[in-house]
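Student: I would like to go through this structure term by term. Please set each value against its definition.

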Amino acid sequence: MPETISSIATRVVRRHREPVAVQALRSTAAAVISYVVALRLSSEPNPLTAPLTALLVVQVTLYSTLTTSIRRVNSVVVGVLIAIGFSALVGLTWWSLGLLILASLVVGHLVRVDEFVPEVAISAMLVLGVTQVADTAWDRVLETLIGAVVGLLVNLLLAPPLWIGPAGAAITDLALRMSRLLDHLGEEPQGPGKVEQAAARLHEARRLDNDIAQVDTALRQAEDSLRLNPRVKEGLIFRLVLRTGLDTLEICAVVLRVACRTLTDLAKVRPDAPLFEPATGAALREVLRHTAIAVESFAQLITAQVSANAEEAEARLSGELAVARAHRDRLADLLLASAREEPEHWQLHGALLTEIDRVLDELGVEKRSERLLEELDRHTRSRRTEGVRGRLRGWSRRSRGAERSG
């Protein structure tokens with residue numbers, strides 16, 4: 001029993017530190033506080049608009065909260081003003097309701113409240129449907145302002161959670177799927193259905209596009225959580241490291257899809273014979289196996305938050321890339337010999353070798369350092385980032401030295 005209680009307590013402690021749990025607590029606190037404040041300031045007996053607004057305004061990041069609050073308040077105020085005008089002219093009928101909704105949606109686009117265009121119509125309908133329109137309208141505006149202000153204060157006083165962890169986990173999962181695909185490519189299709197097997201791997205590579213889109217969504221949330229967050233001193237570095245890392249994996253995913261197409265075409269032109277000679281197939285498997293490990297190491301490198309873990313991942317990445325390049329050179333010699341015996345297949349062999357070279361080049365530490373510096377220069381030119389740029393250049397020099405030694 002004590003062990004069970006201890007394990008439950010451990011899970012609770014871990015859970016309350018997760019971004020989802022932190023966000024739920026912050027939203028609940030903002031809603032309750034805004035309701036208590038609205039009870040004192042509004043004449044409504046149940047001012048639920050205030051906690052509703054606070055709940056919607058307190059987004060997952062401080063940056064999105066600031067941008068969201070302005071648009072949401074604008075949408076509610078515009079909706080209330082439209083309802084006041086309609087109530088003074090026509091009142092509530094079926095046709096006036098239609099005109100109200102149409103006018104609210106049009107005006108919502110004109111005032112550029114973006115995703116809160118429906119909120120304009122909702123506010124207008126709620127206000128138009130009550131008896132004492134004027135009093136209720138201004139109470140609704142007051143409650144909306146209370147909810148928005150409380151939501152902003154909660155985000156300022158209670159630091160929003162950082163979503164780097166979920167984004168890093170998403171990048172790691174993507175790298176693992178790419179690694180499994182590389183391992184599958186190293187297994188030569190067998191039997192009469194080898195063309196179908198090769199095509200199945202091509203479909204597996206195409207599914208990586210959806211995975212990348214999901215990772216991009218998680219990364220955008222993480223980038224927003226780093227903006228204007230008092231808990232982060234070097235948010236720009238974190239954003240650039242994760243973003244450029246995902247860009248590299250996306251390029252590798254595209255190249256892998258092309259490689260799968262090359263292998264599928266090769267299976268079609270050799271339906272009754274092995275794709276490669278035994279020695280060539282073994283060399284290809286070794287290249288792909290070490291490339292798969294390099295992809296995983298690359299993901300560990302860009303998601304590592306501790307310098308020791310980053311250095312370990314960088315050393316492992318450099319080592320795996322060096323071994324993969326050695327096997328790639330051996331594979332090139334074998335493919336060249338095969339092309340002399342079967343010249344009709346030299347285009348597919350050359351394309352496969354080029355695709356392997358592109359993946360190894362993209363994963364290289366030196367290439368990554370150059371991309372980081374380019375992105376940093378593109379994002380900012382201010383003096384504030386001079387120290388950061390110097391650190392990245394130092395890291396770049398260390399990375400080049402580690403790659404050459406590897």
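Tutor: We start with the ground rules, then take folds, salt bridges and helix packing.

Tutor: This is a predicted model: local features need pLDDT of at least 70, side-chain atom pairs count only at pLDDT 80 or more, and totals for chains, interfaces and linings use all residues. Residues are numbered from 1 along each chain as its sequence is written, and side-chain values use heavy atoms, with hydrogens and water left out.

Student: What makes up the secondary structure of the protein chain?

Tutor: The protein chain has 16 helices and zero strands. Helices (H or I, at least four residues) and strands (E, at least two) are DSSP runs, numbered from the N terminus.

Student: Why is Arg243 called buried?

Tutor: Buried means under 20% relative accessible area, exposed means over 50%, and partly exposed is in between (1.4 Å probe, protein chains only). Arg243 has 17% relative accessibility, so Arg243 counts as buried. Asp216, with a relative accessible area of 19%, is buried too. In the protein chain, buried residues make up 47% of the 406 residues.

Student: What makes the pair of Arg243 and Asp216 a salt bridge?

Tutor: The definition asks for a side-chain nitrogen of Lys or Arg within 4 Å of a carboxyl oxygen of Asp or Glu. For Arg243 and Asp216 the N to O value is 2.7 Å, and the side chains meet in a salt bridge. Arg243 lies in helix 11 (residues 235-269) and Asp216 in helix 10 (residues 208-226), so the pair ties together parts that are 27 residues apart in sequence. The structure holds ten salt bridges.

Student: Which residues are linked in a network of salt bridges?

Tutor: Arg358, Asp361, Glu362 and Lys367 are linked in this way. One of the bridges joins Glu362 and Lys367 at 3.3 Å, N to O.

Student: Are Glu362 and Lys367 buried or partly exposed?

Tutor: Glu362 is buried at 2% relative accessible area. Lys367 is partly exposed at 24%.

Student: How do you know that helix 8 is roughly antiparallel to helix 12?

Tutor: The axes of helix 8 (residues 164-185) and helix 12 (residues 278-303) come within 8 Å and cross at roughly 175°. That makes helix 8 roughly antiparallel to helix 12, because angles over 145 degrees count as roughly antiparallel, under 35 as roughly parallel, 65 to 115 as roughly perpendicular and the rest as oblique. Axes are lines fitted to C-alpha atoms, for helices over the stretch in contact, and angles run from 0 to 180 degrees between N-to-C directions.
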